[in-house]
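Student: I would like to learn how to read the features of a structure, one at a time. Could we begin with burial?

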Amino acid sequence: MLRLDAVDRKILLALIEDPRIQVSELADKVGVARNTAQSRLRRLENASVLRHGGREVDLAKLGYDVLAFVTLEVNHRELDSVITALRHIPNVLEIHETSGQGDVWVRLATTDTHQLQSALRHILRIKAVTRSSTTLALHTHLPYRTAPLLENAP
């Protein structure tokens, strides 16, 4: 696990905001010299924190190695407020309104099961959430991808 300092965090946040940012712009935005920004990027890439051309963050390399999928049943009249509340939980990576079993599907990343339990308790405190079901990911065999669809697009 790689420990991040304030400069590393600023670099990663800037890359998330603008994945195509140039190193010189990145350095200006973060407030460091260009060589410092370049060496920090190289360090993050060498530690595999940055993947796929240096623009995708591997959260597991930063200690967020517990990945959970939570299915929520909610009072439909309060769906918007549930989604708004979920957006304020830092561990929430994705929120999807779904059909079938459950109404909302949430993807969470945490550092350990204690942090997961805390996040789940936070979710269950949301007024309109009536029930939840949590599944832990044991291993990711195929991460999110789009290339096959683009390669076979009509």
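Tutor: Buried means a relative accessible area under 20%, exposed means over 50%, and partly exposed is in between, with a 1.4 Å probe and protein chains only. Before applying this, note that the model is predicted, that local features need pLDDT of at least 70 and side-chain atom pairs count only at pLDDT 80 or more, whereas totals for chains, interfaces and linings use all residues. Residues are numbered from 1 along each chain as its sequence is written, and side-chain values use heavy atoms, with hydrogens and water left out.

Student: Is Arg40 buried or exposed?

Tutor: Arg40 counts as buried because its relative accessible area is 19%. Arg40 belongs to helix H3, where helices are DSSP runs of H or I with at least four residues, strands are runs of E with at least two, and both are numbered from the N terminus. Contact means heavy atoms within 4.5 Å; leaving out residues up to four places away in sequence, Arg40 touches Asp5, Val7, Asp8 and Ile11.

Student: How does Glu45 compare with the cut-offs, and where is it found?

Tutor: Glu45 is also in helix H3, but with a relative accessible area of 37% it is partly exposed. The C-alpha atoms of Glu45 and Glu56 are separated by 9.9 Å, the two residues being eleven apart along the chain.

Student: What should I look for in the backbone angles of Ser48?

Tutor: The general idea is that most residues other than glycine have a negative phi. Ser48, although not a glycine, has a positive phi of about 65°. Ser48 sits in the loop between helix H3 (34-46) and strand S1 (50-51), and at 31% relative accessibility Ser48 is partly exposed.

Student: Which secondary structure elements make up the whole protein chain, and in what pattern?

Tutor: The protein chain has six helices and six strands, which follow one another along the sequence as α-α-α-β-β-β-α-β-β-α-β-α. Of its 154 residues, 31% count as buried, and the C-alpha trace spans about 50 × 45 × 30 Å along its principal axes. Among contacts with a separation of 6 or more, residues 24 or more positions apart account for 62%.

Student: Which residues have the most contacts inside the largest nonpolar core?

Tutor: A nonpolar core is a set of buried Ala, Val, Leu, Ile, Met, Phe, Trp, Tyr and Cys residues joined through side-chain atoms within 4.5 Å. The largest one here has 21 residues, and those with the most contacts inside it are Leu72, Val74, Val82, Leu86, Val104, Val106 and Leu108. Two or more residues each come from strand S3 (66-74), helix H4 (79-87), S5 and helix H5 (113-124), with S3 giving the most, five residues. A second, separate core of 15 residues includes Ala14, Val23, Ala37 and Leu41.

Student: What does the side chain of Thr110 reach?

Tutor: A polar contact is a pair of N or O atoms within 3.5 Å; within protein, one must be able to donate a hydrogen and the other to accept it, and residues adjacent in sequence count only if both atoms are side-chain atoms. The side chain of Thr110 reaches the backbone oxygen of Asp112 at 3.1 Å. Thr110 is in strand S5 (residues 104-110) and is buried, with a relative accessible area of 1%. Not counting residues up to four places away in sequence, Thr110 touches Gly63, Tyr64, Asp65, Val66, Asn91, Gln115 and Leu116.
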